[in-house]
Amino acid sequence: MLCTRLTNARFLTMDPDHPVAHELGIWRGRIVGLDEAVAALPAREVVDLQGATVLPGFIDSHVHLPWTGFKQNTASMAGCTRIEDALAVVAEAVAARNAPGSWVSVVGYDQRALGRHLTAAELDRVSQGHKLYVLHDSGHGCVVNTAVLDLLAADVPHENGFLAEGAMGAARALRLPYSQEELAQAIGRAARTCVAEGVTACAEAGIGGALFGHTPVELGAYQLARDKGLLPLRVQLMVSADRLRPVAAHEADGIPRALDLGLRTGFGDDWLSVGALKIFTDGGMMARTAALSAPYEGMDHAGQLQDDPEVLTRSIVDGHLAGWQLAVHAIGDRAADVALDALEEAQRLRPRPDARHRIEHAGLIRPDQLPRFARLGIAAVVQPNFLRYFGDDYAAIMGEERAPWLYRGRGFLDHGITLVGSSDRPVTDGSPLRAVQFMVERASESGRLIGPDEGITVDEALYAYTVAGARACRWEDSAGSLTPGKRADLVVLGDDPRRVDVSAIGDIEVVATYVDGREAGKPAV
């Protein structure tokens, strides 16, 4: 007997052997058959989907769940366009705190909307003795007041209170880590938001590090969230390369640095596992810290690498030698050069044909870099919604020649490069359907076409969020398509993305999300 039979729907399976089905049978969280193989079988529950379209659950291969959850419950200056209004938000957040001298956080900060950065002196006027930490929306910078600057070492660089990249990490290190209970609750809030948008599995893009880590025992917070029933989707954890340390392993192991006990990619189960090693090579375009090979348009700098190229290369090579899959953050083309050079060196030293290394973001990739991606077998994990929401700004700071190279689609696919969809939630909107729409039409919110020749088909965009996402996370045997034997993770949509006008894809209703054969939010049958 089946646990559940889903009927009267159009199942777009993403499986070329059975591309479309109308019935799907589930037993113990797995798909056991399609159409005639299950139509006559008894089931404890039969669900009439009333003609809906069903796809494999979307896989978001790059998210930040704790950051998302905390952002949802933190004072925000998002939408402020005047300095005075932004400071009023900070003043209100300060007024809500009773403990003198405590830390006060504010999110939603974006200097582009304000016309310039806030300054420490301006924050001082509303701080009332508190330590202020205003996080940039990119996650690659913050503005702090004098009370925080006074606690930092004299050699920590800042610009009137704005700290970028490693300097921001120094400010973060001054604060006590979040408790595991706080983190578990934040993870749960973010996970529920993901599921509501049809996401059934995701890759958390960096735990335990200086930039995005929240506690030295962060993995335990995910285990706590799972134990408390707060984790409604599957999560793979990228571990920050900051956590690697020298080890005295056997010489034949060839492992210069590792996590304790040699933990690496692949440890865990279907619900919670350790994925890639996350390595940062540069910053972000919003904060103007992505490392470019030529200056930003109209500016006198070209961003910055996170460290000397030799140091970054050593981290990448050591991670590869220790057996990790690597997820290398590289937004600018200069950072991508460093990443490609290091990955090539790593494979030369110890060939691993199925390492499935990834470059996260790949925001600006020159034409000459595409063949190297392909030759090295590297996946490009992109965030289409960055250009949907920030495209006008990004195109302006790249200039006419480079703008078409932003967050490519067709260029990757035509070179045989695996194109993987993701969101970088909460940096911007996390909806896979809205991202799919942009991947096809390449239009920003203003309607500006950005690299229209990089547009791909709806089928290719859906593939990026299902089959390609599963492969990038090494889940291809259990996720990514509605194939018998795989996990019954799927999303029920109010319309077929392949049949509606492209401009309407992002507005398609997510009717229900099933994880492990059960509709999210409903008890087991």
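Mentor: Start with the largest cavity. It is lined by 19 residues, and Ser138, His140, Ile331, Phe386 and Asp424 lie nearest its centre. This is a predicted model, so read each site as a computed one. The volume of the largest cavity is about 120 Å³. Two elements give two or more residues to its lining: E14 and helix H12 (384-402). By class, that lining holds 10 nonpolar, 7 polar and 2 charged residues.

The count comes to 4 cavities of 30 Å³ or more. The second largest cavity has a volume of about 60 Å³. Its lining is made of Gly57, Ile59, Thr200, Ala201, Ser478, Ala479, Gly480, Ser481, Arg487 and Asp489. These residues divide into 3 nonpolar, 5 polar and 2 charged.

Strand E5 (residues 58-63) pairs with E10 in the parallel sense, over 4 bridges. Here aspartate 60 stands opposite cysteine 202 of E10. E10 also pairs with strand E11 (residues 234-240), again in the parallel sense, over 5 bridges. In that pairing isoleucine 207 has valine 239 of E11 as its bridge partner. From E10 the chain crosses through helix H8 (residues 218-227) to E11, and the β-α-β crossover is right-handed.

Now the open sites. The largest pocket holds about 930 Å³ of space. Its lining counts 37 residues, and those nearest the centre are Ser105, Arg172, Arg175, Tyr178 and His214. Helix H1 (65-72), strand E6 (103-109), strand E7 (131-136) and helix H6 (166-172) each give two or more residues to this lining. E6 gives the most, with 5 residues. Sorted by class, the lining has 19 nonpolar, 12 polar and 6 charged residues.

Stay with E6. It belongs to an open sheet of 4 strands, in the order E6-E7-E8-E9, with mixed pairing. E6 and strand E9 (162-164) stand at the edges with a single partner strand each, so one side of each is left without a neighbour in the sheet. From one strand to the next the twist averages 25°. E6 and E7 pair in the parallel sense over 5 bridges. Serine 105 stands opposite tyrosine 133 in E7. Ser105 is also among the residues that lie nearest the centre of the largest pocket.

That leaves the second largest pocket, with about 410 Å³ of space. It is lined by 20 residues, and the closest to its centre are Asp242, Phe280, Gln306, Asp307 and Leu312. H6, strand E14 (272-280) and helix H9 (309-321) give two or more residues each to this lining. Its residues divide into 9 nonpolar, 6 polar and 5 charged.

H6 gives residues to the linings of the largest pocket and the second largest pocket. E14 gives residues to the lining of the second largest pocket and to that of the largest cavity.

Definitions and conventions:
Residues are numbered from 1 along each chain as its sequence is written. This is a predicted model: local features need pLDDT of at least 70, side-chain atom pairs count only at pLDDT 80 or more; totals for chains, interfaces and linings use all residues. Side-chain values use heavy atoms; hydrogens and water are left out. On a 1 Å grid over the protein atoms alone, a cavity is a set of points where a 1.4 Å probe fits but cannot get out, and a pocket is an open set with protein on both sides within 12 Å along at least five of seven lines; lining residues have an atom within 4 Å of a point. Grid points are joined across faces, edges and corners, and a volume is the space filled by probe spheres set on the points. Ala, Val, Leu, Ile, Met, Phe, Trp, Tyr, Cys and Pro count as nonpolar, Asp, Glu, Lys and Arg as charged, and the others, Gly among them, as polar. Two strands pair if DSSP finds at least two bridges between them. A crossover is right-handed if, with the strands pointing away from the viewer, the path from the first strand over the helix to the second runs clockwise. Axes are lines fitted to C-alpha atoms, for helices over the stretch in contact, and angles run from 0 to 180 degrees between N-to-C directions.
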